[in-house]
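Let's look at this model together, one question at a time. Keep the structure open beside you as you read.

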Protein chains: 2
Amino acid sequence: MSQDGTGVDLDRSLGYLLKEASSALRIAMEEVLRPLGMSVTHYSCLELLAQRPGLSNSELARGAFVTRQSMNVLLQALERDGYVTRPAAAPVGKALPARLTPRGRRSLAKASAAVRSVEVRMLAGMTEADRSEAFRLLRSMVHSLRDGS
Amino acid sequence: MSQDGTGVDLDRSLGYLLKEASSALRIAMEEVLRPLGMSVTHYSCLELLAQRPGLSNSELARGAFVTRQSMNVLLQALERDGYVTRPAAAPVGKALPARLTPRGRRSLAKASAAVRSVEVRMLAGMTEADRSEAFRLLRSMVHSLRDGS
DNA sequence: TGACTCATGTCAGCATTCTGACATACATTG
DNA sequence: CAATGTATGTCAGAATGCTGACATGAGTCA
């Protein structure tokens, strides 16, 4: 509530609002994924593999915004439980291309529907033009942040 | 890259882009806060207390988007290290109003400057109108997500 | 007043993610 | 060819956050 001129005013900070939105989205996703026994990262991994079969552990990590070490832990569990398969040896380099098993695909189907409903809810009240604007603005922020100082 | 009609297309998903932007912001903030020995939640707590002195543990937790249990751990450490003070007994109810010590304020000053530079960088390339739009759109998403299905 | 509901602080245990480190595979460059 | 730089998979340990649980204080309502 205060305004001392030197601090970051949270109520006017786009960064704070961005974190708030992201937090709300994460909570909503966890809510619908919990009944399926799936975490957000878990779902992200399966969704990435469905859209881009053959992604490596490191690529999946970047796509899910976690470290490759974290993704490795998850991938090993998914492999052990039969949702994902990886070849024993790398066809090239060290990267092991991962693929969904039929079981993984079935598991993803339910989760994907649940997540889609969250996204639909999030977009409620926004026009098509709004969504385009949101895309443009978020892309701009990502780009500026990635560019380094 | 694929388009099977049933899945969520990550390249066109506003939710995915929101997560990407939030991740980029978090990484950028961690980068500038690390030299100060401060985590994002740590900084958030101090910033909240600077702007709204007397916030309770639970209120700080909501403001920093963590559970009150997590904030409690942090708050106890901050209290132990002399960045924050809380009265021994609650003036009303069980809520203990926390306040920054001079040391806490000094520590925050550097962090706040660092974080401000990140936000400035994120906003580079956006017009004033863009920022207003971004506010409106993000607020709309938060509101829709909070409203429940 | 007594029963109920809700918010809070806090403890304990668990899950997830991160940082640090190492070996390996490929590309680039001298 | 040898040296270097970059990317990868993986192991180990530490940090961080979460869920579950309990007791306490305040408000509501019959």
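**The surface near the DNA**

Q: How do the residues of the surface near DNA strand D divide into nonpolar, polar and charged?
A: Welcome to a predicted model! Near DNA strand D, three residues of the surface are nonpolar and seven are charged. The polar group has eleven residues.

Q: How many residues surround DNA strand D?
A: Both protein chains take part: A:S58 and A:R68 are among the closest residues, and so are B:T41, B:S70 and B:K94. The number of residues surrounding DNA strand D is 21.

Q: Of the atoms of DNA strand D that come within 4 Å of the protein, what percentage do sugar and phosphate account for?
A: Here we look from the DNA side, taking the atoms of DNA strand D that come within 4 Å of the protein. Of these, the share from sugar and phosphate is 55%.

Q: Which residue has a polar side-chain atom 2.6 Å from a phosphate oxygen of DNA strand D?
A: Let's sort the phosphate contacts by the atom used. B:T67 places a polar backbone atom 2.8 Å from a phosphate oxygen of DNA strand D, and B:G93 also has a polar backbone atom by a phosphate oxygen, at 3.3 Å. The residue with a polar side-chain atom at 2.6 Å is A:S58.

Q: Which element gives the largest share of the surface near DNA strand D?
A: The elements that give two or more residues are α3 (57–64) and α4 (68–80) of chain A, along with α4 (68–80) of chain B. The largest share is four residues, and it comes from α4(A).

Q: Is B:N57 buried or exposed?
A: B:N57 sits in helix α3 (residues 57–64) of chain B. Among the residues it touches are B:R68, B:M71 and B:L96. Its relative accessible area is 14%, and buried means under 20%, so B:N57 is buried.

Q: What separates the C-alpha atoms of B:S112 and B:L33?
A: B:S112 belongs to helix α5 (residues 102–123) of chain B, and at 4% relative accessibility B:S112 counts as buried. Along the chain, B:S112 and B:L33 are 79 residues apart.

Q: What kind of axis relates chain A and chain B?
A: A rotation of 180° superposes chain A on chain B, with 0.0 Å of shift along the axis and an RMSD of 0.0 Å. That relation is a two-fold axis.

Q: What percentage of the interface residues of chain A are also interface residues in chain B?
A: The copies meet through the same surface, because the interface residues of chain A are also interface residues in chain B. The share is 100%.

How values were computed:
Residues are numbered from 1 along each chain as its sequence is written. Chains are lettered from A and ligands numbered from 1 in the order in which they are written. This is a predicted model: local features need pLDDT of at least 70, side-chain atom pairs count only at pLDDT 80 or more; totals for chains, interfaces and linings use all residues. Side-chain values use heavy atoms; hydrogens and water are left out. Buried means under 20% relative accessible area, exposed over 50%, partly exposed in between (1.4 Å probe, protein chains only). Contact means heavy atoms within 4.5 Å. Copies are superposed by least squares on the C-alpha atoms of residues with pLDDT of at least 70 in both. A residue is near a molecule or strand if one of its heavy atoms lies within 4 Å of it. A polar contact is a pair of N or O atoms within 3.5 Å; within protein, one must be able to donate a hydrogen and the other to accept it, and residues adjacent in sequence count only if both atoms are side-chain atoms. Ala, Val, Leu, Ile, Met, Phe, Trp, Tyr, Cys and Pro count as nonpolar, Asp, Glu, Lys and Arg as charged, and the others, Gly among them, as polar. Lists of a residue's contacts leave out its neighbours within four places in sequence.
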